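Open the model in your viewer and follow along. Each stop gives you something to select and tells you what is there.

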Amino acid sequence: MASVKLISEEEVEGKAKEVYEDIKSTLGIDFVPNMYKAMAGKPSFLDANWKKVKAIMVEPGKLDRMTKEIIAVAVSAVMGCEY
């Protein structure tokens, strides 16, 4: 049984709903990944974490977004992440 409730797109409200829309729009996807749904019970936490991810992974920097994503996948694989 899950120990953290995932807040679905249908039940999300307020600030968390705004963040969900920004996530989908920014990433160009039509769903909200579960890691963000797990944070939505604390909207300020969700917002802060999404802003951090956007700043690191999406905003321009020395590496392009694709390279950053490849590095993230490689690190996850090496660390044995099952998510």
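Show the surface first. The accessible surface of the protein is about 6100 Å², and 61% of that belongs to carbon and sulfur atoms. Accessible areas come from the Shrake-Rupley method with a 1.4 Å probe, and for residues only the protein chains shown count as cover.

This is a predicted model, in which local features need pLDDT of at least 70 and side-chain atom pairs pLDDT 80 or more, while totals for chains, interfaces and linings use all residues. Residues are numbered from 1 along each chain as its sequence is written, and side-chain values use heavy atoms, leaving out hydrogens and water.

**Cartoon view.** Switch to the cartoon. You will find four helices and zero strands. Helices are DSSP runs of H or I with at least four residues, strands are runs of E with at least two, and numbering starts at the N terminus.

**Nonpolar patch.** Select Leu63, Ile71, Val75, Val78 and Met79. Together they make a nonpolar surface patch of about 520 Å². Such a patch joins nonpolar side chains (Val, Leu, Ile, Met, Phe, Trp, Tyr) within 5 Å, from residues with over 30% relative accessible area and no salt bridge. Now pick out Leu63, in the loop between helix H3 (43–58) and helix H4 (65–78). Leu63 is partly exposed, at 41% relative accessible area. Buried means under 20%, exposed over 50%, and partly exposed in between, with a 1.4 Å probe and protein chains only.

**Salt bridges.** Side chains of opposite charge can pair when their charged atoms come close. A salt bridge here is a side-chain nitrogen of Lys or Arg within 4 Å of a carboxyl oxygen of Asp or Glu. By this rule there are eight.

Select Glu9 and Lys24. Their closest N and O atoms are 2.7 Å apart, in a salt bridge. Glu9 sits in the segment before helix H1 (14–27), and Lys24 is in helix H1, 15 residues apart. Is Lys24 buried or exposed? Lys24 counts as buried, at 16% relative accessibility.

Next, select Asp22 and Lys54. They meet in a salt bridge at 2.9 Å, N to O. Asp22 is in helix H1 and Lys54 in helix H3, 32 residues apart.

**Last stop.** Which residue forms a salt bridge with Asp47 at 3.9 Å, N to O? Select Lys15 to see the partner. Asp47 lies in helix H3 and is buried, with a relative accessible area of 14%. Lys15 is partly exposed, at 38%.

Note on methods: Patch = residues over 30% accessible without salt bridge, like charges linked within 9 Å, V, L, I, M, F, W, Y side chains within 5 Å.
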